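Me: I have a model open and want to go through it piece by piece. Can you start with the terms and then take my questions?

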Amino acid sequence: ERMGLVARRAYAVVACGETMGFKLLKLRLALAPAAEEARRGDKPSEWIGRFSDDSGDWSSQLRQMLSYSRDANDNTFWMMYEDFCKYFNKVYFCRMADDIWTKFVVHSRWMDETA
């Protein structure tokens, strides 16, 4: 939580990709009703690291390429892939692109800390 992330809450990966040498993900804090935060007196919580709303890492060209919106209250933010790997330890995927349903199962186990 010290970096603006909310522990034990689901984040949706809205977009991701590599551009201008940066691997970036756009995330949104899912199920974060503004009314609930306002009732508790909480400020909306967003990432405060590299490529956050107030970060100096943004160039005007990168802002334009990614349709960047600086809205501190939208629960949506960009972060570097390295930071994503550092601060998140679980990822669940849900395909929502079309009506084609497929099932893919991997039977495996963690072998060591490099898995």
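Reply: Two strands count as paired if DSSP finds at least two bridges between them. Helices (H or I, at least four residues) and strands (E, at least two) are DSSP runs, numbered from the N terminus. This is a predicted model: local features need pLDDT of at least 70, side-chain atom pairs count only at pLDDT 80 or more, and totals for chains, interfaces and linings use all residues. Residues are numbered from 1 along each chain as its sequence is written, and side-chain values use heavy atoms, with hydrogens and water left out.

Me: OK. What is the order of the elements in the protein chain?

Reply: From the N terminus on, they run β-β-α-α-β-α. That gives three helices and three strands.

Me: Which way do strand 2 and strand 3 pair, parallel or antiparallel?

Reply: Strand 2 (residues 22-29) pairs with strand 3 in the antiparallel sense, over five bridges. Leucine 24 stands opposite methionine 80 in strand 3.

Me: And strand 1 with strand 2, how many bridges?

Reply: Eight, and the sense is antiparallel. Tyrosine 11 has leucine 29 in strand 2 as its bridge partner. The hairpin of strand 1 and strand 2 has two residues between the strands, and methionine 20 takes a positive phi near 55° there.

Me: Back to leucine 29: buried or exposed?

Reply: Buried, with a relative accessible area of 1%. The cut-offs are under 20% for buried, over 50% for exposed, and partly exposed in between (1.4 Å probe, protein chains only). The C-alpha atoms of leucine 29 and valine 6 are 8.3 Å apart, with the two residues 23 apart along the chain.

Me: How much of the protein chain is buried?

Reply: Buried residues are 27% of its 115 residues.

Me: Which residues of strand 3 are on which side?

Reply: Thr76, Trp78 and Met80 are on one side, Phe77 and Met79 on the other, and all are buried. So five of the five residues in strand 3 (residues 76-80) are buried. In a regular strand the side chains alternate between the two faces of the sheet.

Me: Changing topic. How many salt bridges are there in the whole structure?

Reply: One. A salt bridge here is a side-chain nitrogen of Lys or Arg within 4 Å of a carboxyl oxygen of Asp or Glu. Aspartate 57 forms it with arginine 50, and their closest N and O atoms are 3.2 Å apart.

Me: Last one. What volume does the largest pocket have, and which residues are closest to its centre?

Reply: About 980 Å³. Of the 30 lining residues, Tyr11, Phe84, Phe88, Lys90 and Val91 are the closest to its centre. On a 1 Å grid over the protein atoms alone, a pocket is an open set of points where a 1.4 Å probe fits, with protein on both sides within 12 Å along at least five of seven lines; lining residues have an atom within 4 Å of a point. Grid points are joined across faces, edges and corners, and the volume is the space filled by probe spheres set on the points.

Me: Which element gives the most to that lining?

Reply: Strand 1, with five residues.
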